[in-house]
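Me: I have a model open and would like to go through it with you. Could we begin with one of the helices?

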Amino acid sequence: MKTKLYTPSDSTIAYSVGTTLDRFIKIKQNEFSFASGELSQILRDIALAAKIVNRETNRAGLANIGGAFGQTNVQGEEQQKLDVIANIRFTRALTKGGEVCAVVSEEDDEVIDLQNGSGKYVVAIDPLDGSSNIDVNISIGTIFSIYRRVTPIGSPIQPEDIMQSGNQQVAAGYVLYGSSTMLVYTTGHGVNGFTYEPSLGEFFLSHPNMCAPKDGDIYSINEGTSNLFEPGLKIYIEKCKERQFSARYIGSLVADFHRNLLKGGIYIYPATSKSPKGKLRLLYEANALAFIAEQAGGMATDGFGRILDIQPTSLHQRTPLYIGSPDMVVEAENYLKASQEKVAEK
Ligand code: AFP
C-alpha cells in the first residue's frame, strides 16, 4: 500500500480553526507537578459549566432568569437567579467530574462535601461575580482556585484542606462573559486565554502567554467612597489624576482585572474606615486573580503584603486588593506605607 506523509497546509478554503482548550490542556498536562490527568479533568469540567452559564447569561433577558432569587447569600448580598444557577452548574460539573472532594463557594455559607471519596482536589469558586450587573447587560465573570487536599484521600474533609494560602494553588482561572466569552487560566506556568466560539461550542487559544504590562495608565477604583480611603490611598489617586491617567471602573472584578491585565493598570478595592477589610473575598476572588497576575508578571497585595501569603482564618474572609501592573502596585503600596509610618510616628 502506498502512503504519503501528512503535511499541515495553510489552506485558504479550509483554514485551521486553531487550538482548542481541550487539546491545549492535553498538550500541557505534563507541566503539572502531578501529571495524572485529574487536574486536566477539573479544567474541562469548569469549561463545560462555563459554556452552560454562558448560554444562560446570554438568554437571561428572554428566559425569566434575570433578577433577584429572593434570598441573600452568606455575605448578606441579594442572590440573583443566575448566581444560583451558576452555583448549581459549577458544583454539578465538579461533582460529576469526580476529581474534587470539596467546594467553597460564595453562594454557600459552608464547605460543600461532594462525597467524591477519591477526589484529591478542593475548588474555591465565585460562580458569578459582578452579578448585580446581570440585569443591565454588563460583563460578569466566574473566578476559581484549585488546591490539592492535604489530608489523606477518602478521609473526611478537614479545615486544613480548605484554609490553604493562595501560594498553594495548583491552578486558577476566570471566565469573562463579555463582548466575547473568555476563559483564562494558569497552572503556574504562565497564563493563557481562550475565546469561546459559539458556533463550534469550543474555547480556542486566542491569548497565548499573557503578560501584564510593567506599568500602565488606567486606575480602577470605586471613588464614590473616597472620603473613607486611607490618606496614602488618597495621595496615590491624586497622583494618578495629576498624570491624567484614565479612570475605568466597571464594578465587575473579572472585567476590570482583565482589561488592566491586557492594557496595563491597577485595580483597587481598598480597606475603608467603614470596611477595614474591604469587600472582596480572599478564598475565591483575590487568591485566584493574584496567582494569575503574578504568573503574568503582575503583582497583587492587600496594600502591605502579598495576597498569596495570607493565611486564611475563615471561609468567607475579606481582603483589600491592589492588583495589576507591578510598578503601579508598588507605587500605591509605598504611599500607603509612608502614610501609616507617619501616623505611627505621631
Ligand atoms: P456583586 O457580585 O454584588 O455585583 O459585586 C461585585 C464585586 O464583588 C466585584 O466584582 C466588583 O469589583 C465589586 O464588587 C464592586 O463593588 P462596589 O460596587 O462596592 O464598587
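Me: Which residues are buried in α3?
Reply: In α3, the buried residues are Leu-82, Asp-83, Val-84, Ile-85, Ala-86, Asn-87, Phe-90, Thr-91, Ala-93, Leu-94 and Gly-97. Buried means under 20% relative accessible area, with a 1.4 Å probe and protein chains only. Helices are DSSP runs of H or I with at least four residues, numbered from the N terminus.

Me: What kind of model is this?
Reply: This is a predicted model, in which local features need pLDDT of at least 70 and side-chain atom pairs count only at pLDDT 80 or more, while totals for chains, interfaces and linings use all residues. Residues are numbered from 1 along each chain as its sequence is written, and side-chain values use heavy atoms, with hydrogens and water left out.

Me: Back to the helix: what span should α3 have?
Reply: Helix α3 covers residues 81-97, and its 17 residues should span 24 Å at 1.5 Å a residue. The expected span is 1.5 Å times one less than the number of residues. The end C-alpha atoms are 24 Å apart, which agrees.

Me: And what comes just after α3?
Reply: Gly-98 is found there, with a positive phi of about 85°.

Me: Next topic. How many residues has the largest nonpolar core?
Reply: That core has 42 residues, and Tyr-174, Phe-257 and Leu-261 are among those with the most contacts inside it. Helix α7 (residues 282-295) supplies the largest share, ten residues. A second, separate core of 38 residues includes Leu-43, Ile-46, Ala-49 and Ala-50. A nonpolar core is a set of buried Ala, Val, Leu, Ile, Met, Phe, Trp, Tyr and Cys residues joined through side-chain atoms within 4.5 Å.

Note on methods
Helices (H or I, at least four residues) and strands (E, at least two) are DSSP runs, numbered from the N terminus. Buried means under 20% relative accessible area, exposed over 50%, partly exposed in between (1.4 Å probe, protein chains only).
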